[in-house]
Amino acid sequence: MIGFMDDQAVAERVLEHIAAGTTDRGEEVWREPVANYRCAERLDREVRILRRVPTPFCPSAALPEAGSYLARAAAGTPLLAVRGRDGRVRAFRNACRHRGTPLASGPGCAQSLVCPYHGWTYRLDGRLHHVPHEDGFPGLDKARHSLVPVVAEERLGLVWVTQDAPALHAAPWDGMPELIASEQQLMDSSDAEVDVNWKIYVEGFLEGYHIRSTHRDTFYPYGFDNLTVLERCGPNSRITFPFRRIAKLAEVPAEQRRVDGLLTYVYHLFPNVFVTVLSRHTNLVVLEPLVVDRTRLLLYRLTNRGGGEDAAQLARRDAAFVDRTGAGEDLAIVQAIQRSIGSGANEVFTFGHFESLIVHFHRTLRAALARDEAVSG
Ligand code: FES
Ligand SMILES: [Fe+2]
């Protein structure tokens, strides 16, 4: 099957699981060497993968108009994404062609990109336009000093960048539904650093086997223990966490079932990005590996589709609840794993049938590493 099930099919699957006391499961047990979370050389190779697959940089909504820009490091490279006068988003290595000063930091909006050091000025499409006291640079060919581009594309409501060729996944959005619609407003963004290997953080999103133990008093009273729908699409995946209140859909004719507010969809965009569609808001979460035991989390919060007038207010309340409760519990667990990872207790971590999307992640990453080695020689 290409792509994910529609909402009705997901609801049907969930109702079947509720009735039967079952859940989606995989067929393979995966053993991942613990050394792969601790080895700096392995992390370097993983970061190379991050530069070689198209990865989401920000929501399209973060660049709403001509001149909107956003600068941040992606896989260790300072990048700058800009929406041009033609409406197209372009991305560049964020370094002036004179002596390398970054042209911008964070989000903003500008008519042109002016280097803060000596004022070299670039158009929104990256062309070098003006050099103060240009007579000091005899023979300077401005056409050869444009900002250095990386591949940027808008897909599924996200801006994707690919830093290095050859790209290891040509079109990871193939078969995927639109994730963020144009009506969804960007409410805010934030970032934080956590003392956790990026893959341990990834794994925390991808199974519902921990719900009762970890979230006993927060999510579990509204959700199920170990009842999830697990789907894959190319390198990506989606896990569905239903709320108990979804059981009332059993009374509704299948084609009239609406799942809004009755489940959470978590999309994993390989390797390091998640889109979580919660009851009242949608998060884009980017995990940027820094070193083997430290990761930067970038969070962009948006209203949901069809949110109406008070969408942002309701979304803020919902987000505050999720942050205050369940997300903190997840963070405490993954940080604790990181602290014990050098204990020598485990040579491998074992992922079972309820953790099949983690297996998919590790298998896809392993394949990408092998392909990267083949193309890099
Ligand atoms: S480094 Fe940018 S103008 Fe000199
Ligand atoms: Fe959790």
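Helices (H or I, at least four residues) and strands (E, at least two) are DSSP runs, numbered from the N terminus. This is a predicted model, in which local features need pLDDT of at least 70 and side-chain atom pairs count only at pLDDT 80 or more, while totals for chains, interfaces and linings use all residues. Residues are numbered from 1 along each chain as its sequence is written, ligands are numbered from 1 in the order in which they are written, and side-chain values use heavy atoms, with hydrogens and water left out.

Q: Where does Cys96 lie, and why is Cys96 called buried?
A: Cys96 lies in the loop between strand E5 (89-93) and E6. Buried means under 20% relative accessible area, exposed over 50%, and partly exposed in between (1.4 Å probe, protein chains only); Cys96 has a relative accessible area of 7%, so Cys96 counts as buried.

Q: Which residues is Cys96 in contact with, leaving aside its neighbours within four places in sequence?
A: Contact means heavy atoms within 4.5 Å, and with those neighbours left aside Cys96 is in contact with Thr101, Leu103, Cys115, Trp120 and Tyr122.

Q: What makes the arrangement around the iron ion (ligand 2) irregular?
A: Donors are N, O and S atoms within 2.8 Å of the metal (3.2 Å for Na, K and Ca), and since water is not among the atoms, sites may look incomplete. The iron ion (ligand 2) is coordinated by His210 (NE2), His215 (NE2) and two OD atoms of Asp330, at 2.0 to 2.5 Å. Four donors count as tetrahedral if all angles lie between 85 and 135 degrees; four count as square planar and six as octahedral if opposite donors are over 155 degrees apart and all others between 65 and 115; anything else is irregular. The four donor atoms here subtend angles of 56 to 154°, and therefore the arrangement is irregular.

Q: Why can His215 and Asp330 be said to tie together parts that are apart in sequence?
A: The donor residues of the iron ion (ligand 2) are spaced H-x4-H-x114-D. His215 lies in the loop between helix H4 (211-214) and strand E13 (229-233), whereas Asp330 belongs to helix H5 (residues 311-340), so the pair ties together parts that are 115 residues apart in sequence.

Q: Is each of these two residues buried, exposed or partly exposed?
A: His215 is buried, because its relative accessible area is 1%, whereas Asp330, at 25%, is partly exposed.
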